[in-house]
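Student: I'd like a close look at one part of this model, the place where two chains meet. Could you walk me through that part slowly?

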Amino acid sequence: MTAAESAGRVLRSGPPPGTTYDVTVIGAGVVGAAVARELARHRGLRIALIDAANDVGEGTSKANTAILHTGFDAVPGSLESRLVREGQRLLAAYAAESGIPVEPVGALLVAWDEEQLAALPTLLDKAVRNGYREARIISPDRLRAREPHLGPGALGALDVPGESIICPWTTTLAYATQAVRGGVDLHLDCRVLRVDPSGGRHELTTSRGALRTRYLVNAAGLHADTVDRLLGHDDFTVTPRRGQLIVFDKFARGLVNHILLPVPTALGKGVLVAPTVYGNVLLGPTAEELDDKTATASTAEGIALLREKGRRILPELLDEEVTAVYAGLRAATEHDDYRVSAHKEQRYVTVGGIRSTGLTASLAIAAHVTELLTATGLDLPAARELPPVRMPNLGEASPRPYRRADLIAADPAYGTIVCHCERVTRGEIRDALAATIPPGSPDGLRRRTRARGGRCQGFHCGAQVRELYEEGGESVSG
Amino acid sequence: MRRERIVDVLIVGAGPAGLATATGLAAAGAGEVEVVDREQEAGGAARHCAHGGFGRLALTGPQYAERWVAAAVGVGAVLRTGVTVTDWPGSLTVDATSTRGLERITARAVVIATGAHERPRGARLVPGTRPAGVYTTGELQRAVHVHGQRIGTRAVVVGAEPVSFTALDTLRRAGVEVAALVTEHPRHQASRSRAAEARLRQGIPLLTDATVAELLGRGRLSGVRLRHRDGRTAYLPCDTVVFTGDFVPDHELARRAGLPLDPGTRGPAVDGAFRTAERGVFAVGNVLHAAEPARVVAREGVAAAVAVRRYLCDGDWPSASVPLRVTAPLGWVAPNRLTPDEPGDGFTLRTTEFVPHPTLAITQDGRSLYRARHRRPAVPNRPFHVPSGWVDRVDARGGAVRIALAGRADPR
Ligand SMILES: Cc1cc2nc3c(=O)[nH]c(=O)nc-3n(C[C@H](O)[C@H](O)[C@H](O)COP(=O)(O)OP(=O)(O)OC[C@H]3O[C@@H](n4cnc5c(N)ncnc54)[C@H](O)[C@@H]3O)c2cc1C
Ligand SMILES: Cc1cc2nc3c(=O)[nH]c(=O)nc-3n(C[C@H](O)[C@H](O)[C@H](O)COP(=O)(O)OP(=O)(O)OC[C@H]3O[C@@H](n4cnc5c(N)ncnc54)[C@H](O)[C@@H]3O)c2cc1C
């Protein structure tokens with residue numbers, strides 16, 4: 001049996017296997033995982049997906065605003081515009097099939113002054129040029145009827161009904177799971193330090209030893225420029241643009257029905273208020289140009305700014321309890337578009353500058369990258385459909401296990417709630433620990449189940465969740 | 001697929017408050033009294049407070065909890081653990097999940113006794129990275145006393161109120177050195193002997209007028225940055241930080257029931273007989289005033305049992321009550337509604353600042369109801385009591401009753 005006919009391995013230690021992979025994808029974020037999954041559809045390829053972190057989605061992919069964009073406001077004619085538009089359709093369909101929570105709540109781009117109001121027709125026109133025709137300008141009365149808790153002074157809005165909210169964690173995990181089941185080897189805790197050519201192959205020096213591959217895809221997110229330089233390219237520089245966000249408790253969910261977007265300015269897309277599929281409300285993100293690619297800390301200034309903006313948009317939001325504060329880094333570059341390029345002679349594709357839309361565009365990026373790989377000479381066997389994955393439901397729009405009598409009757413572990421704030425059952429925790437890609441930390445377990453992610457952040461369940469993680473971790477690795 | 005059941009009284013939460021209520025009701029023959037708790041073991045927060053000092057006999061928390069469990073079961077209350085009340089579909093009907101499946105329980109009276117938790121780091125808006133090693137006292141106590149987990153080597157404790165000092169004990173038990181206690185207030189808020197013990201015998205410095213401005217470290221906490229009131233900052237290396245105090249009621253169920261909350265306590269608004277705004281629904285314990293000691297909530301439970309029983313017998317429910325409001329630096333008052341002609345048992349208040357000899361002024365529509373200078377200082381995070389002798393002067397049809405400190409402007 002060839003490697004591609006059986007499931008791949010998930011390895012967190014030891015040297016990579018001595019065999020040569022056909023394709024190696026650096027970076028197991030949402031983009032790299034999507035690429036690996038797409039490649040896995042072509043039976044017979046030996047594929048590796050590698051990441052420096054101890055889990056999939058540990059980079060930017062775990063910390064964003066979780067919106068499935070229509071791309072209505074992209075730069076018309078850009079690669080990003082096309083891939084976001086295509087990716088949106090692909091991911092919406094994929095999510096429905098895999099059980100990734102999505103809620104089509106729609107967005108309202110709210111104008112708070114005359115200048116912003118005057119900008120709406122231009123944005124409407126831009127949406128049309130991006131192939132999005134469902135947007136409409138609505139009056140302040142209609143706006144208020146649809147968002148009764150909005151702060152005073154809104155003058156109107158652009159209604160973008162196609163915008164949705166999605167679960168970013170399940171998305172990355174679904175891609176990676178399907179890839180591994182389809183034969184991809186996932187190497188975690190495996191940082192690429194050097195890339196050397198060696199007789200028609202790449203020899204990767206990683207923190208776990210040497211790994212050989214014929215073709216290489218660089219989906220290293222914030223570090224895509226660094227990896228690109230390892231191969232001798234100097235096409236772009238990633239400047240991390242930090243976005244801090246505040247997550248409000250579930251009781252805030254009743255205050256907002258849509259994604260409330262600001263009218264974009266020269267400084268960026270601005271601060272939004274959006275529901276999450278977990279039933280919380282997000283306020284953010286900030287946009288701060290930094291030079292430290294590890295600067296994912298929140299700051300007092302960032303939090304203060306968000307609260308000030310949030311108070312204007314949805315005054316009652318500020319009275320609700322805060323569940324968490326976090327920050328993500330967008331992989332911005334000096335260019336106004338994605339930086340996806342193929343280097344035929346090197347059998348190498350760079351996927352850089354996937355700024356603030358990579359979650360939405362991921363499946364379209366993967367298809368695009370696969371085409372580019374073919375153009376660089378990779379011989380792709382015919383594609384097959386991978387067996388579908390069914391992800392555990394983290395969303396509140398359909399019943400979670402604790403609300404399902406059928407599941408509990410079949411297995412009482414789904415009737416034992418461990419994390420009370422998020423209603424996570426022992427059955428779900430057990431399943432996550434025994435899954436194709438087990439979590440690499442209690443935080444990874446949180447992203448798979450929500451355990452310890454609620455308003456008390458572990459006051460009630462933290463110690464028990466840690467215990468289950470440690471026991472489960474032993475039985476999985478042992 | 002929901003099993004439908006009917007009981008006389010359903011009590012949600014088997015902490016000291018819920019268990020004391022159940023004991024009182026079952027002992028008085030109030031019919032079928034059922035207590036449910038989402039934890040596998042009954043006893044509430046007291047269960048993981050291994051230290052002594054609970055109740056009049058100064059038992060340990062688990063002993064104290066045990067005593068109430070035995071009392072409730074002994075008089076015939078039905079106690080079910082591992083049962084989480086998840087929803088509130090009707091006025092006296094709740095939905096629950098357990099290993100036995102889904103249930104819908106309807107009762108003649110429902111008592112919410114769901115307790116409280118400490119605000120974690122995020123809710124306190126403490127900036128920085130998100131490393132491991134960040135606790136609340138509750139999580140720390142469970143980790144050490146219930147699960148025997150390793151904590152770390154060097155900790156900073158945020159807060160200097162009584163619960164902060166119990167965190168010190170737990171850390172010591174877990175072999176963790178404590179670098180400092182940090183409080184935003186100018187003084188600690190515990191007993192003198194406890195504070196002296198920590199400072200003199202254990203050598204733990206108390207840093208006052210200081211807040212945690214940032215958490216540092218990736219993967220694991222590496223330290224905290226402190227900011228003093230005068231703007232100076234300091235770096236304290238540590239791998240563990242415990243955020244203590246700053247309790248908030250576990251009010252989820254109350255909100256799902258649509259009960260109005262008090263803006264100060266953030267628990268359901270109740271009158272002196274523990275009645276919420278919804279007929280037949282009572283609330284008791286730390287869900288009303290986070291957090292009071294176990295003996296206080298148990299005493300409340302005993303009183304609540306009398307009130308619930310009276311309701312079961314005569315079905316009377318006051319049609320109106322007058323809200324109580326506090327003015328800063330007072331933070332909250334509980335109970336926070338007045339039912340005329342029911343003096344109740346007095347009131348518990350919190351202040352957010354130290355006030356050496358507070359003069360309390362209680363008014364309604366500008367009319368003075370009570371004014372008295374208290375000999376004892378008002379201390380943040382400590383209860384401050386007001387008797388109820390003035391309640392009969394409240395006008396049932398008047399506006400909100402206001403409690404303020406004299407000499408402070410009422411910003412109304
Ligand atoms: C605040 C914010 C809000 C956003 N909102 C949205 C949104 O609403 N909708 C949307 O579609 N998109 C959004 N995005 C964008 C989206 O999150 C990103 O485009 C996407 O996650 C990028 O995925 P990635 O796989 O390219 O990068 P990453 O997730 O960062 O993955 C890159 C991976 O490469 C690994 N790596 C790096 N260097 C090496 C090396 N040398 N060796 C091995 N591994 C390495 C890293 O460990 C990392 O896991 C937002 C982003 C931010 C920051
Ligand atoms: C860290 C800490 C230290 C303390 N130290 C002391 C001390 O030294 N001395 C002292 O006297 N007191 C101390 N206390 C306070 C004492 O523990 C509390 O006063 C007492 O436990 C409160 O009782 P309660 O019944 O109101 O709430 P809890 O004891 O909190 O009980 C509430 C119960 O409700 C259950 N519950 C909540 N929601 C649901 C639901 N939806 N469905 C089912 N069940 C639910 C919970 O599982 C819990 O068991 C401490 C508390 C804490 C947290």
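Student: Which residue forms a salt bridge with B:Arg266, and how many Å apart are the closest N and O atoms?

Tutor: Happy to. This is a predicted model, so local features are taken at pLDDT of at least 70 and side-chain atom pairs at pLDDT 80 or more, while totals for chains, interfaces and linings use all residues. Residues are numbered from 1 along each chain as its sequence is written, chains are lettered from A and ligands numbered from 1 in the order in which they are written, and side-chain values use heavy atoms, with hydrogens and water left out.

The partner of B:Arg266 is A:Glu321, and the closest N and O atoms of this salt bridge are 3.6 Å apart. The term stands for a side-chain nitrogen of Lys or Arg within 4 Å of a carboxyl oxygen of Asp or Glu. By that rule, 7 salt bridges cross the interface of chain A and chain B. On chain A, the elements giving two or more residues to the side that touches chain B are α7 (300-313), β19 (322-332), α9 (405-410) and α12 (462-477). Helices here are DSSP runs of H or I with at least four residues, strands are runs of E with at least two, and both are numbered from the N terminus. The residues on that side of chain A divide into 17 nonpolar, 13 polar and 13 charged. In this sorting, Ala, Val, Leu, Ile, Met, Phe, Trp, Tyr, Cys and Pro are nonpolar, Asp, Glu, Lys and Arg are charged, and the others, Gly among them, are polar.

Now the interface as a whole. Chain A brings 43 residues to the contact and chain B brings 43 residues, where contact means heavy atoms within 4.5 Å. About 3,800 Å² is buried between chain A and chain B, with carbon and sulfur atoms giving 51% of that area; buried area is the accessible area (1.4 Å probe) that two parts lose on being put together, summed over both. Between the two chains, 20 residue pairs are in polar contact, with both residues at pLDDT 80 or more. A polar contact is a pair of N or O atoms within 3.5 Å; within protein, one must be able to donate a hydrogen and the other to accept it, and residues adjacent in sequence count only if both atoms are side-chain atoms.

Let's follow one residue across. A:Arg466 sits in helix α12 of chain A, and its side chain makes a polar contact with the side chain of B:Glu139 at 3.2 Å. Beyond its neighbours within four places in sequence, A:Arg466 is in contact with A:Arg452, B:Tyr135, B:Glu139, B:Ala143 and B:Gln149. A:Arg466 counts as buried because its relative accessibility is 15%; buried means under 20% relative accessible area, exposed over 50%, and partly exposed in between (1.4 Å probe, protein chains only).

A:Arg452, one of those contacts, belongs to the loop between α11 and α12 of chain A. Its phi is positive, near 75°, in a residue other than glycine. Most residues other than glycine have a negative phi. Helix α11 (residues 442-449) of chain A is mostly covered, with 6 of its 8 residues buried; among them are A:Leu445, A:Arg446 and A:Arg447. A:Arg450, which follows α11(A), also has a positive phi, near 80°.
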